[in-house]
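Open your viewer and get ready to click along.

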Amino acid sequence: MSNVAGHIHLILPDPAERAACFRALAVGAGRIVRCFASADDWIDGDGDDGKGGGAILLFRWHQPGRVSGAALLERIAGRGDLAVFVAAEQLSIAESRAILRGGARDLLAAPLDPRIVRRVIDAAADDWQVRQAALHRRREAEARLAALTPRERSILDAIAAGLGNKAIARQLDLSPRTVEVHRAKIMRRAGADSVAELLRWQFIAEQAGGAAVNPVHFGA
């Protein structure tokens with residue numbers, strides 16, 4: 001389990017609700033669940049330590065103290081190491097828009113049902129593992145192709161388009177022998193045992209900029 005999937009931070013002002021959610025999440029999951037009575041406590045403590053360890057974060061939108069739910073969401077906006085969930089009873093249109101735009105993964109109805117919280121958080125942990133595996137593959141693909149020269153990248157693109165050595169040579173004004181030499185270098189630098197494997201790494205790398213932002217879901 002990744003760091004994020006294995007660490008859960010609850011920022012819930014009501015002690016009974018906090019305790020009930022803690023019990024539901026901590027039992028038999030092999031994860032670390034930490035509780036905070038307010039956003040102030042989370043920030044002043046080491047919950048928001050800025051070290052990038054990450055966590056699944058569930059907090060009440062209406063917070064006591066100096067840091068509101070809106071301010072907290074703004075503070076953590078764009079942090080890829082946090083999967084954020086917001087709980088609220090009633091929201092204005094402006095608040096709903098702020099949550100939508102702030103990157104929350106889900107909006108849960110309050111008072112919180114610990115069973116629903118457990119189900120939602122478990123799903124988020126599973127989803128995070130899938131995303132982390134995809135991120136690892138993407139980074140590996142990018143690393144494998146990073147050493148290619150511009151010429152080699154052009155040849156790789158031509159290979160991906162289904163062109164043979166002679167067609168690539170004509171397209172790039174090279175000799176077929178030069179294309180063969182470049183292909184051998186490309187395979188070696190990418191650590192690919194076959195053209196199919198090489199093209200798979202290229203496809204994964206090309207998806208790097210196309211990942212969709214997590215949508216916000218309403219309700220459980």
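A helix axis here is a line fitted to the C-alpha atoms over the stretch in contact, and angles run from 0 to 180 degrees between N-to-C directions. Helices are DSSP runs of H or I with at least four residues, strands are runs of E with at least two, and both are numbered from the N terminus. This is a predicted model, in which local features need pLDDT of at least 70 and side-chain atom pairs count only at pLDDT 80 or more, while totals for chains, interfaces and linings use all residues. Residues are numbered from 1 along each chain as its sequence is written, and side-chain values use heavy atoms, with hydrogens and water left out.

**Stop 1: two helices**

Select residues 165-172, which form helix α8, together with α7. Their axes are 10 Å apart and meet at an angle of about 130 degrees. That makes α7 oblique to α8, the word for angles that are not under 35 degrees (roughly parallel), over 145 (roughly antiparallel) or 65 to 115 (roughly perpendicular).

Now show the side chains. Arg-151, Ser-154, Ile-155, Ala-158 and Ile-159 of α7 meet Ile-168, Gln-171 and Leu-172 of α8; contact means heavy atoms within 4.5 Å.

**Stop 2: Glu-152**

Stay in α7, which spans residues 150-160, and pick Glu-152. Is Glu-152 buried or exposed? Its relative accessible area is 2%, so Glu-152 is buried. The cut-offs are under 20% for buried and over 50% for exposed, with partly exposed in between (1.4 Å probe, protein chains only).

**Stop 3: Glu-89**

Next, find the loop between β4 (82-88) and α5 (93-102), and click Glu-89. Glu-89 counts as exposed because its relative accessibility is 53%. Which residues does Glu-89 touch, not counting those up to four places away in sequence? They are Arg-60, Ala-110 and Pro-111.

**Stop 4: the whole chain**

Zoom out and colour by secondary structure to see 10 helices and 6 strands. Of the 220 residues in the protein chain, 39% are buried. Among contacts between residues at least 6 apart in sequence, 69% join residues at least 24 apart.
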